[in-house]
Amino acid sequence: MNQQAFHQFWDHFRQKYGVYLRTLEAIPADRYYTNPVPGMRSPAELSVHISGSIVRDITEGVAKGRITADESSEDKIAADLGTKPALIAYARECFDRASAAATRIGDTELAAQVPTPWKAVWPGVVAVRVMNDEFVHHRGQLTAFIRLCGGVPPFLWGFADNAPEYRPRGVPEAAGT
C-alpha cells in the first residue's frame, strides 16, 4: 500500500465508520453498560476500545512513528463517559483525530517500522491493516450485541444512510433524512 492507496482506503474507512456510528446509535441506551455476553466487554467498553485504542491510537501512531494505545484505561474512560450520547461524542472525536492523523500518513510512514504497546514492531502498512481488521471484528461484536439487546443493526453497506460527513462523496442525502 502506498500513500495514494492509503488515502483511498481511508475514504472507504470513513464510510465504514459512519455505519459504526449508526451501530452505536442502534444500541439501546439502557444496555450500554450491561454484558450481553458474559466474559466480554460491555458495549460501552467496546466502543471506547474501538474508537480510541484501535482507530485513533493506531492511526495517530502510524503518523507519528509510535503507537501508544493504553488499553488499561479503557474501562475507566467508558465509566467516566457514562451515557450513550457521551460515548457517541467520544467516538466522533476519536475519528476526527484519526482523520487528522491520516492526512499526515504518506509513503514514509507506511514503510516505517512502528513500535507498538503490544510487544511488536510493525511496518506502518501492517498497523493500518491491523487497525482495519480489529475495527471490523469488534464492529461485528457490536452488531451481535444489538440483536441480543432487541435492536436492529444498520445495513453493513448502507453508506448512503450515514451522516453527510461519512457518506460516499457525491451521494445525495438518503430518503427520510
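Helix α4 covers residues 84–102, 19 residues in all. Helices here are DSSP runs of H or I with at least four residues, numbered from the N terminus. From first C-alpha to last, α4 reaches 27 Å, close to the 27 Å expected at 1.5 Å a residue. The expected span is 1.5 Å times one less than the number of residues. The model is predicted: local features need pLDDT of at least 70, side-chain atom pairs count only at pLDDT 80 or more, and totals for chains, interfaces and linings use all residues. Residues are numbered from 1 along each chain as its sequence is written, and side-chain values use heavy atoms, with hydrogens and water left out.

At the start of α4, a side-chain oxygen of T83 comes to within 3.2 Å of the backbone nitrogen of A86. Buried residues of α4 are K84, L87, I88, Y90, A91, C94, F95, A98, A101 and A102. Buried denotes under 20% relative accessible area, exposed over 50%, and partly exposed in between (1.4 Å probe, protein chains only). Seen down the helix axis, the buried residues of α4 fall within an arc of 155°, so they line one face. The arc is taken over the directions from the helix axis to the C-beta atoms. An α-helix has 3.6 residues a turn, so residues three or four places apart point the same way. The buried residues of α4 pack against α1 (3–26), α2 (43–64) and α3 (74–81). Contact here requires heavy atoms within 4.5 Å.

Aromatic pairs number 17 in a search of the whole structure. Rings of Phe, Tyr and Trp (its six-membered ring) pair if their centres lie within 6.5 Å; planes under 30 degrees apart count as stacked, over 60 as edge-to-face and the rest as tilted. The ring centres of Y17 and F95 are 4.5 Å apart and the planes lie at 25°, so this pair is stacked. Y17 belongs to α1 and F95 to α4, so the pair ties together parts 78 residues apart in sequence. Both Y17 and F95 are buried. Ring pairs link F6, F9, W10, F13, Y17, Y20, F95, F135 and Y166 into a cluster.

The largest nonpolar core holds 44 residues. Such a core is a set of buried Ala, Val, Leu, Ile, Met, Phe, Trp, Tyr and Cys residues joined through side-chain atoms within 4.5 Å. W10, F13, Y17, L24 and V55 have the most contacts inside this core. At least two core residues come from each of α1, α2, α4 and α6 (124–148). Beyond its neighbours within four places in sequence, F13 contacts V55, F95, M131, N132 and F135.

S53 lies in α2 and counts as buried at 3% relative accessibility. The side chains of S53 and E74 form a polar contact of 2.4 Å. A polar contact is a pair of N or O atoms within 3.5 Å; within protein, one must be able to donate a hydrogen and the other to accept it, and residues adjacent in sequence count only if both atoms are side-chain atoms. H49 also lies in α2 and is buried, at 3% relative accessibility. A polar contact of 3.3 Å joins the side chains of H49 and H138. Residues up to four places away in sequence aside, H49 touches R41, I54, E71, E74, E134 and H138.

D107 lies in helix α5 (residues 107–111). This residue is partly exposed, at 43% relative accessible area. D107 and M1 are 106 residues apart in sequence and 8.3 Å apart in space, C-alpha to C-alpha. Leaving aside neighbours within four places in sequence, D107 contacts N2 and Q3.
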